Amino acid sequence: MINFKEEIAKIIEKAIDLEYIELVSYIEVPKEKNMGDYAFPCFRLAKTLKKAPQAIAEEVKQKLELDEELIEKTEVAGGYLNFYIKKQALIKTVLNEFDLKKEEYRKIRIWKRKKYYCRIFFSKYCQTFPYRSFKNNFDRKCII
């Protein structure tokens with residue numbers, strides 16, 4: 001599966017003189033969906049470069065060499081550089097991951113189903129009354 005944060009960090013690394021690991025930690029997912037899929041805040045760079053965050057975001061945007069297959073567009077909003085991921089790339093990575101982990105998803109689904117049926121069994125057939133203790137064989141089987 002493609003890690004989009006890492007791919008965006010590689011693209012930004014070519015435009016700025018920062019380490020890849022540091023860039024990955026800077027990139028975040030915006031709270032609002034209309035602000036893009038990922039955002040790169042330029043506020044931390046403002047102290048070192050001694051410029052306004054919005055000016056830094058504009059400079060970085062001009063220097064970027066976008067990957068046409070992954071990123072649809074970039075926008076500057078305040079001190080953030082917002083990245084929009086192409087929907088085809090996102091769908092392709094999700095489907096590839098599902099194909100790779102198909103058995104794991106199946107096991108989770110079966111486990112949830114078993115858990116559901118066990119809950120029904122215990123709620124219907126293993127109820128005890130406050131004045132009765134677990135003395136019959138049936139009640140002991142419910143505990144085991």
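This briefing walks through the predicted model shown above, from its overall layout to a few individual residues. The model is a prediction, so local features need pLDDT of at least 70 and side-chain atom pairs count only at pLDDT 80 or more, while totals for chains, interfaces and linings use all residues. Residues are numbered from 1 along each chain as its sequence is written, and side-chain values use heavy atoms, with hydrogens and water left out. The chain holds seven helices and three strands; here helices (H or I, at least four residues) and strands (E, at least two) are DSSP runs, numbered from the N terminus.

**Overall layout**

- Of the 144 residues in the chain, 27% are buried; buried means under 20% relative accessible area, exposed means over 50%, and partly exposed lies in between (1.4 Å probe, protein chains only).
- The accessible surface of the chain is about 11,200 Å², and carbon and sulfur atoms hold 55% of it; these areas come from the Shrake-Rupley method with a 1.4 Å probe, and for residues only the protein chains shown count as cover.
- Among the contacts in the chain with a separation of 6 or more, 40% are between residues 24 or more positions apart, where contact means heavy atoms within 4.5 Å.

- The mean pLDDT of the chain is 77, and 71% of its residues reach 70 or more; pLDDT is the predictor's confidence in each residue, from 0 to 100.
- Residues 120–125 keep a pLDDT under 50, and the model gives them six contacts beyond four places in sequence.
- For residues 137–141, pLDDT also stays under 50, with six contacts beyond four places in sequence.
- Where pLDDT is low, the predicted coordinates should not be read in detail.

- The three strands form an open sheet in the order 1-3-2, with antiparallel pairing; two strands pair if DSSP finds at least two bridges between them.
- Strand 1 and strand 2 are at the edges with a single partner strand each, so one side of each has no neighbour in the sheet.
- On average, neighbouring strands of this sheet are turned by 20° against each other, direction ignored; axes are lines fitted to C-alpha atoms, for helices over the stretch in contact, and angles run from 0 to 180 degrees between N-to-C directions.
- Strand 3 (residues 80–85) is largely enclosed by the rest of the structure, because five of its six residues are buried.
- Strand 1 (residues 38–41) runs antiparallel to strand 3 and is joined to it by four bridges, and Pro-41 has Tyr-80 in strand 3 as its bridge partner.
- Strand 2 (residues 71–77) pairs with strand 3 in the antiparallel sense over six bridges.
- Asn-82 in strand 3 stands opposite Ala-39 and also opposite Glu-75.
- Strand 2 and strand 3 make a hairpin with two residues between them, and Gly-78 in the turn has a positive phi of about 65°.

**Helix 4 against the sheet**

- Helix 4 lies across strand 2 and strand 3, and its direction is at about 155° to strand 2.
- Ile-56, Ala-57 and Val-60 are buried in helix 4.
- Viewed down the axis of helix 4, the buried residues fall within an arc of 100°, so they line one face of the helix; the arc is that of the directions from the helix axis to the C-beta atoms.
- In general, an α-helix has 3.6 residues a turn, so residues three or four places apart point the same way.
- The cover over the buried residues of helix 4 includes helix 1 (4–15), helix 3, strand 2 and strand 3.

**Residues to look up**

- Thr-74 lies in strand 2 and is buried, with a relative accessible area of 10%.
- Leaving aside residues up to four places away in sequence, Thr-74 touches Lys-61, Leu-64, Leu-66, Leu-81, Asn-82 and Phe-83.
- Lys-50 sits in the loop between helix 3 (43–49) and helix 4 (53–63), and counts as exposed because its relative accessibility is 74%.
- Most residues other than glycine have a negative phi.
- The phi of Lys-50 is positive, near 55°, and Lys-50 is a residue other than glycine.
- Lys-87 lies in helix 5 (residues 87–100) and is partly exposed at 47% relative accessibility.
- Lys-87 and Leu-70 are 17 residues apart along the chain, and their C-alpha atoms are separated by 8.6 Å.
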